[in-house]
Amino acid sequence: MSRSLGWYADRLRRMPPHEVAARVGDRRRQLTWRRRWVRPEATGWASGPVPGVLPHRSFDSTVPASARDLVPASAREALVAAADGVLAGDVLVLGHPRPDLADPDWFLDPASGRRAPQSAYAFSIDHRDEAVTGNVKLVWELSRHHHLTVLAAAWWLTGDERYAVATAAQLRSWWAANPFLSGVHWTSGIELGIRLLSWVWVRRLLEGWPGAPALFEDNAVALHQIRWHQEHLAAFRSTGSSANNHLVAEACGRLAAACAFPWFAESARWRTDAARELEASLEANTFPSGVNREQASDYHRFVTELALLGLAEADRSGRPLSAATKRLVAGSVDAAAALLDPWGRPPRQGDGDEGRGLVADGVAADPWLTLLATGAAVFGALEWWPRADAGVTSVLVGALADPCVAPDRPAVAPAAFPDAGIHLLRAVSPEGEPLLWCRCDGGPQGFLSIAAHGHADALALEVRSAGVDLLVDPGTYCYHGEPQWRSYFRSTRAHNTVEVDGVSQAVEGGPFLWTTHADAEVDRAGEEREADGRRRQVWVAHHTAYARLDAQLRHTRHVTVETCTGELVVVDTLTGGTRHSARLSWHLGPEVTVALQESVAHLSWPGTEGRRQAWLQLPEQLEWTVHRGRTDPVAGWYSPWFGERVPTTTLVGVGDWTGVVELRTALSLDSRLEAAGETPETAQVALTPELALGGNVPPRVRELP
């Protein structure tokens, strides 16, 4: 058993009664369905009758042939290059090479070399136990079949038979290796939903290839698989505390399959039910501001992408989603555009695993800009949006969806999403050049009772200048297989905020479970004007998540950004009834080097004309040390994408206090370039070796006044 009895008890306590009842029903159904289990060694199912299949089947959910002419040449070349990489096995899957891609082992974890179960009854597999499945995320990813939509799109663009033949061979391989309820690929509904989306798009993109009907509508194996996937998703739905992006993906896959593959007696009912569930789950998962409720930036993009795909499928079927849902999706796309920094990069709040609904562009295509290009194809781009060039994906989805004019869209880019607790502070030079971007986190920790993809990051900041991360959110790195790293990257000390008494703001119950939540509240936000005419942006918020340690414990953070200079000042006020220890962390971006002298840090990073620099004045009441790439304890790490971690520099200040203490941090950008090989003029003293970049100094505790 990979999970303790304590985990089960904690998980049960986070479930409302109706969810407990639903899960008991699921368990009974799992036991009952065991008699339907088709073992891999069985062969009769492949030629046996398909229940409920209609005698006359055709594929009518096609893309207009004229859409090919709308694909820019650069996007076409990038997609074909990506497809050639798939054929050559030169592809990374979540950062890991898969040289076997021409004939994949669908059950291989490429990181550990372990194979997940292929023949076991799906509901008997503990996919959370790495000893059983390896890193299950790496096992599942290839079976989402995104590489097959790339191959099919290459055929659609070029007519080159190699791409279609390879796509067909891999689908037949997967279908034969994964009969109903056999193996790890039947254990998670989100995987089935995304897989159905991929199959719909593969069939759509192969329209015109002579082998397409024999691969899908005239193929008993394919018909079995399509039906099994829809039956499974109709019976086992993410519910209650798990009704997050998983439920959206499941409903979207069901809707796509029911619309594009209406080949079964139940198809009309499945379509109606899936559309209803997709609309309800999108509403439940989205704040009125348009931001996703999971408090995880990458999941905002993922869910919005799924919503656009579901909307397009419904439009193409002639049974569009409601006007209210279309307004919601337009709001989510607009929120995505507003959340990007001035240099086109998204925030890094919460979890992110680069999940996709449809992959039909080259490997270098930015998924956020692909989302905006797709949203523009459906709703139109607003004047303040960043530029997002059309690609294969946006052309395809735009050709499928009905053009839509959503009312009441914002005339300027929103800087505040109060219901999500997200505020963006921006500094712009008098010449109009962006100087600094700061994201402030003052909202709920996450969605529903387990806040699965939220981090313990209340009051945390992200700060960027000239497209470079100065104060960075470290990211996610992993979900399964490395529990100590999973815990670190979602912990309070991994974020730019204050940790008290050596524990996170929220109590972790498991890799996707928080048993308490660190919800913050914003007290004040907006732009203010000083008596001398200077403008500054102000954000004030607080949380009381540490009241479990001391009823009087409260953390208030006051942030100001000078609008025209970019000077950033952070004042942390800590209040407590007894003596406590504070740990304030400032995580620097991987491009930033630092030299620390007592409580002053000199920062520098590469710019277009030379190395840029800034000064970070740290609270003098704390004892400051520098950490980089430490593993015991973990400190000084950054995850640029899921599955990858690299050392970065973290400044850590520690000290004890009783009563009330104010800690002031100030970041000043220096417009002058750093002189090569010289200590900056304002650093009047030589730095000791142990305080140079990468040094690890044993932390000392200082009593705060």
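I began with Ala547, which I located in the loop between strand S12 (535–543) and strand S13 (554–562). Helices (H or I, at least four residues) and strands (E, at least two) are DSSP runs, numbered from the N terminus. This is a predicted model, in which local features need pLDDT of at least 70, side-chain atom pairs count only at pLDDT 80 or more, and totals for chains, interfaces and linings use all residues. Residues are numbered from 1 along each chain as its sequence is written, and side-chain values use heavy atoms, with hydrogens and water left out.

I looked up the accessibility of Ala547 and found a relative accessible area of 33%, that is, partly exposed. Buried means under 20%, exposed over 50%, and partly exposed in between (1.4 Å probe, protein chains only). I also noted that 60 Å separates the C-alpha atoms of Ala547 and Ala220, which are 327 residues apart along the chain.

I turned next to helix H3 (73–88). H3 has 16 residues and reaches 23 Å from its first C-alpha to its last, close to the 22 Å expected at 1.5 Å a residue; the expected span is 1.5 Å times one less than the number of residues. Among the buried residues of H3 I listed Ala75, Leu79 and Val86. The buried residues of H3 pack against H6, helix H7 (161–177) and helix H16 (392–400), where contact means heavy atoms within 4.5 Å. After H3 comes Gly89, with a positive phi near 75 degrees.
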